[in-house]
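Student: I have a model on screen and would like to learn how to read it. Could we go through it feature by feature?

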Amino acid sequence: MRPAPISRRRALGLAGLGTAAVAIGATGWLGGFAGYDGADAAAGRLRPAAAEPLRVPGVLASRGGRLAVELTAAPGATLAGQNTAALGYNGSSPGPTLRVRPGDQLAVRLTNQLDQPTNLHTHGMRVSPQANSDNPFLQVDPNTSFDYLYQIPPDHPAGTFWYHPHHHGTVADQIFGGLAGALLVDPPLGQDPDLSVTADRVLLVTDTTLNTGGHVVAPSAMDRAMGRQGELVLVNGQDQPTIAAAPGATQRWRIINGCVSRVLAIRLQDHQLVLVAHDGTFLPAPATLDQVVLAPGNRADVVVRPGPAGRYSLVADPVERGGMMGGGGMGAMMGGGTAPSGPATLAIMVTAGAPVSSPPLPAALPAETIPAAPATAQRQVVFQMGMGAMGPGGMAFTIDGRVFDPQRDDQTVPLGTTEDWTISNPSPLAHPFHLHVWPFTVLATSDGAPPLEVPQDVVLVPAQGWARIRIPFTTHPGRSVYHCHILDHEDAGMMATVNVVRA
Ligand code: C2O
Ligand code: CU
């Protein structure tokens with residue numbers, strides 16, 4: 001009745017499921033969901049004998065100031081080296097990498113071949129939330145197409161962004177199912193900072209759980225309450241791909257945390273990671289770190305200087321996001337924590353060949369200057385989890401005690417003002433706060449972590465803690481959303497609206 005989740009051991013013998021596994025029953029791809037069964041979670045975590053080299057999702061780049069693409073969301077993507085019933089854009093998970101420049105126009109015709117509504121969000125992009133731009137209130141029904149048009153401002157930062165569905169109620173299922181892609185903004189011609197790297201790679205990390213039939217496994221109510229974490233942690237849709245490198249020849253890796261709920265604490269065995277950009281904007285100077293922590297939705301651009309010939313694991317260490325213990329009532333009954341059982345190997349860097357010497361990184365990077373405008377208003381936002389029949393596991397997931405209502409304006413902000421918001425989180429789980437369109441700087445968090453001091457679009461609010469952020473609402477008027485980027489929580493209602501109005 002409930003096929004066990006696929007294990008790596010079994011995955012080895014599962015080449016070519018063929019069309020039978022891709023065929024979707026009358027009930028659609030959700031009908032293919034089996035009950036969740038965690039019994040195999042720790043079993044058979046073998047590295048495939050012949051790991052594939054990291055694949056590059058097809059790149060579609062703008063020319064002459066415009067990029068027009070068609071994205072078709074449909075089941076039947078290749079994932080973890082198998083033909084599966086997972087979802088993809090244009091048959092691929094992740095979808096194509098879109099490359100644009102500041103000032104460009106990006107036109108996307110989104111065709112929905114799922115059996116449920118979808119839509120598109122350009123995560124982190126500073127584009128209008130209105131009409132057919134980055135409008136999260138749009139709905140694209142099955143067997144219809146919709147034409148999005150994004151006007152990228154000429155002063156848009158150059159960096160790493162991503163796109164994913166945002167139809168309230170199905171976001172977690174669709175991303176866990178495989179729908180996501182990278183969206184890169186390249187610097188205006190001739191303005192690239194000289195990082196002197198020999199490779200510039202996208203590493204889009206997603207997680208999912210597949211059963212032996214190649215179907216995505218549905219989460220239990222408890223998984224949704226905690227935020228589901230897949231058993232397979234994939235990079236560009238691959239299970240532990242290899243990354244070719246030459247000793248000393250530096251590479252830029254654009255790491256995107258596209259997981260539904262999993263926080264990634266990333267390190268590279270025997271190497272340091274030099275952080276040059278975060279959430280699509282450059283840091284003022286490179287920062288050499290042992291580990292980079294990314295909440296769901298965050299991106300880190302790191303420069304890696306490969307050591308002597310050998311194999312080095314890129315690892316995501318387990319991160320405890322909190323637990324339900326002490327949450328009382330149903331929460332206490334659910335018990336448990338959120339940390340995955342052990343580290344997940346994301347990829348293997350295979351270094352070979354003659355040593356190369358790469359020049360050092362520049363001492364300064366083209367960070368954005370943040371206007372020193374003082375905040376003219378303060379607001380409080382509260383992430384809450386409480387008893388309530390309406391949510392998964394009998395829990396209610398709310399902001400300021402209310403579940404999401406697309407019709408309601410939760411915050412009304414005059415265009416042109418800068419505000420300080422305090423996001424507090426009395427709940428026993430950490431929640432990543434994400435605001436569309438208007439990036440913010442973190443002023444402080446309750447865990448005392450030093451703020452990055454560059455604009456970002458997701459900040460992890462510690463359990464029983466808070467984050468204080470400064471938001472310049474100085475760019476686009478319009479209505480959009482802020483929410484928890486544990487997308488199971490967002491789907492359960494932990495989302496609210498902000499309307500930025502011309503004064
Ligand atoms: Cu990446 Cu509103 O989400
Ligand atoms: Cu949350």
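Tutor: Start with Ile 469, which, leaving aside its neighbours within four places in sequence, is in contact (heavy atoms within 4.5 Å) with Glu 419, Asp 420, Trp 421, Ile 423, Phe 433, Phe 440, Thr 441, Val 442, Leu 443 and Val 459. This is a predicted model, in which local features need pLDDT of at least 70 and side-chain atom pairs count only at pLDDT 80 or more, while totals for chains, interfaces and linings use all residues. Residues are numbered from 1 along each chain as its sequence is written, chains are lettered from A and ligands numbered from 1 in the order in which they are written, and side-chain values use heavy atoms, with hydrogens and water left out.

Student: Which residues have the most contacts inside the largest nonpolar core?

Tutor: In soluble globular proteins, nonpolar side chains tend to be buried together. A nonpolar core here is a set of buried Ala, Val, Leu, Ile, Met, Phe, Trp, Tyr and Cys residues joined through side-chain atoms within 4.5 Å; buried means under 20% relative accessible area, exposed over 50%, partly exposed in between (1.4 Å probe, protein chains only). The largest core has 31 residues, and Trp 421, Phe 433, Leu 435, Ile 469, Phe 473, Tyr 482 and Val 498 have the most contacts inside it. Strands supplying at least two residues each include E23 (377–387), E26 (417–425) and E30 (465–473); strands (E, at least two residues) are DSSP runs, numbered from the N terminus. The largest share, four residues, comes from E30. Apart from this core lies another, of 29 residues, among them Val 233, Ala 245, Val 304 and Val 454.

Student: Which protein atoms are the donors of the copper ion (ligand 2)?

Tutor: Donors are N, O and S atoms within 2.8 Å of the metal (3.2 Å for Na, K and Ca); water is not among the atoms, so sites may look incomplete. Here the protein donors are His 431 (ND1), Cys 484 (SG) and His 489 (ND1), lying 2.0 to 2.1 Å from the copper ion. Their spacing along the chain is H-x52-C-x4-H. His 431 lies in strand E27 (residues 431–435) and Cys 484 in strand E31 (residues 478–484), so the pair ties together parts that are 53 residues apart in sequence.

Student: Are His 431 and Cys 484 buried or exposed?

Tutor: His 431 is buried, with a relative accessible area of 0%, and Cys 484 is buried with a value of 0%. In E31, six of seven residues are buried.

Student: How many bridges join E27 to E31?

Tutor: Strands of a sheet pair through backbone hydrogen bonds, either parallel or antiparallel. Two strands count as paired if DSSP finds at least two bridges between them. E27 and E31 run antiparallel and are joined by three bridges, with Leu 435 opposite Tyr 482. E31 is also joined to strand E32 (residues 495–501) by six bridges, again antiparallel; Val 481 has Thr 497 as its bridge partner there.

Student: Where is Asp 410 found?

Tutor: Asp 410 is in the loop between strand E24 (395–399) and strand E25 (411–414), and is buried, with a relative accessible area of 13%. A polar contact is a pair of N or O atoms within 3.5 Å; within protein, one must be able to donate a hydrogen and the other to accept it, and residues adjacent in sequence count only if both atoms are side-chain atoms. The side chains of Asp 410 and Arg 408 form one of 2.6 Å. A polar atom of the Asp 410 side chain also lies 2.9 Å from the backbone nitrogen of Thr 497.
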